[in-house]
Amino acid sequence: MRYTGPKVRLSRRAGVPLTRKAVRYFEQRPYPPGEHGRKTNRRTTGDYGLRLMEKQKLRWYYDVSERQLRRYWDLAVRKSGASGAELVTLLESRLASVVLRAGLAPSIYAARQYINHGHIAVDGRKVDIPSYLVKPGQVITVRERSRRMQPFVAAAEGVHADERIAPYLSVDHADLRITMTSRPEREQISIPVDEQLVVEFYSR
C-alpha cells in the first residue's frame with residue numbers, strides 16, 4: 001500500500017527531506033518522528049536496516065507502492081544496463097515524475113492528483129494513470145478545459161519550476177507543454193537515494 005499520512009513525517013523517518021516542502025520542516029526537526037525520535041541513533045542501524053531504509057526512501061520519493069516498486073525492479077533486471085540505474089530511469093519515466101520534473105506540479109503527490117483527475121494528456125489523449133511510462137518523443141500537455149485552474153495558471157508562470165530543467169525534457173511553461181526529448185540517464189537524475197543499496201536489498 002502507498003503511504004497516505006503526513007508527508008513530512010516520511011522525510012523525518014528517512015533522514016532526508018523528500019519534498020521541497022519538507023526542507024523547512026526537516027531543518028527544524030531533523031530527528032525521526034515519535035515519542036523517542038530524539039533518542040534514536042540512525043548510525044546503529046544494521047546492514048539490512050540500511051538497505052531496507054534506502055528502498056523505502058526510493059518508494060516514498062516517487063510515491064509508489066511496494067508492489068509497484070517490485071514490478072519496476074523486475075523490469076530493471078531484464079534490461080542490459082546496471083539494474084540500479086535502470087530502476088531509477090524507469091521511475092523517472094513515470095508520467096507523475098515527468099509532470100513534477102517539468103515544474104507543472106509542486107510535489108509528486110500533486111502531480112499524481114492532477115493525472116488522476118484527468119487534467120493531463122499525452123500526445124493529445126487524456127491519460128489518468130500516474131504510472132504511465134513516457135517514451136522519448138511523446139508530448140505531455142495540460143488539457144484545454146483545465147488550463148484556467150489556479151494550479152496550472154501558477155505552473156504557466158514557472159512557480160514550481162526548478163532552476164535547471166531536467167536535460168531529457170523540453171518544457172514550455174507558458175504553453176503548459178512538455179516533450180521528453182531523450183531517455184532519462186542516471187547521471188542526469190538527482191535523488192537522495194543510493195540505489196546500489198536498493199539493488200543489494202532486492203538481490204539478497
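**Reading salt bridges, helix packing and a sheet**

User: Where does Arg-70 stand: buried, exposed or partly exposed?

Analyst: Arg-70 is partly exposed, with a relative accessible area of 37%. Please note that this is a predicted model.

User: Which residue meets Arg-70 in a salt bridge?

Analyst: The general idea is that side chains of opposite charge can pair when their charged atoms come close. In this structure, the side chain of Arg-70 meets that of Asp-74, with 3.8 Å from N to O. Both residues belong to helix 4, which spans residues 66-77, and they are four residues apart, about one turn of the helix.

User: How many salt bridges does the structure hold?

Analyst: The count is 10 salt bridges. One of them joins Arg-101 and Glu-92 at 2.2 Å, N to O. Arg-101 and Glu-92 are both buried. There is also a network of salt bridges, in which Glu-144, Arg-147 and Asp-175 are linked.

User: Which parts does the salt bridge of Glu-86 and Arg-183 tie together?

Analyst: Glu-86 forms this salt bridge with Arg-183, and the closest N and O atoms are 2.3 Å apart. Glu-86 lies in helix 5 (residues 83-92), while Arg-183 lies in the loop between strand 5 (177-180) and helix 9 (195-203), so the pair ties together parts that are 97 residues apart in sequence.

User: At what angle do the axes of helix 5 and helix 9 cross?

Analyst: In general, two packed helices are described by the angle between their axes and the distance between the axes. Here the axes of helix 5 and helix 9 cross at roughly 110° and come within 8 Å. That makes helix 5 roughly perpendicular to helix 9.

User: Which residues of helix 5 and helix 9 meet?

Analyst: From helix 5, the residues are Ser-83, Gly-84, Ala-85, Leu-87 and Val-88, and they meet Glu-195, Val-198 and Val-199 of helix 9. The residues of this contact divide into five nonpolar, two polar and one charged.

User: Over how many bridges do strand 4 and strand 5 pair?

Analyst: Strand 4 and strand 5 pair in the antiparallel sense over four bridges. Within that pairing, Ser-170 has Thr-179 of strand 5 as its bridge partner, and Asp-172 has Arg-177. Strand 5 also pairs with strand 3 (residues 139-142), in the antiparallel sense and over three bridges. The bridge partner of Thr-141 in strand 5 is Arg-177.

User: Which residues of strand 5 are on the covered face, and which on the uncovered one?

Analyst: Ile-178 and Met-180 form the covered face, and Arg-177 and Thr-179 the uncovered one.

User: Which residue takes a positive phi in the hairpin of strand 4 and strand 5?

Analyst: That residue is Leu-176; the hairpin has four residues between the strands, and Leu-176 takes a phi near 50° there. Leu-176 has this positive phi although it is not a glycine. Leu-176 is also buried, with a relative accessible area of 2%.

User: Where is the place of Asp-63?

Analyst: Asp-63 also calls for a look at its backbone: its phi is positive, about 55°, although it is not a glycine. Asp-63 sits in the loop between helix 3 (47-62) and helix 4. With a relative accessible area of 5%, Asp-63 is buried.

Notes. Residues numbered from 1 in each chain as written. Predicted model: local features only at pLDDT ≥ 70, side-chain atom pairs only at ≥ 80, totals over all residues. Heavy atoms only, no water. Salt bridge = Lys/Arg side-chain N within 4 Å of Asp/Glu carboxyl O. Helix = DSSP H or I, 4+ residues; strand = E, 2+ residues; numbered from the N terminus. Buried < 20%, exposed > 50% of the residue type's maximum accessible area, 1.4 Å probe, protein only. Axes fitted to C-alpha atoms, helices over the stretch in contact; angles between N-to-C directions. Parallel < 35°, antiparallel > 145°, perpendicular 65-115°, else oblique. Contact = heavy atoms within 4.5 Å. Nonpolar A, V, L, I, M, F, W, Y, C, P; charged D, E, K, R; others polar. Pairing = 2+ DSSP bridges.
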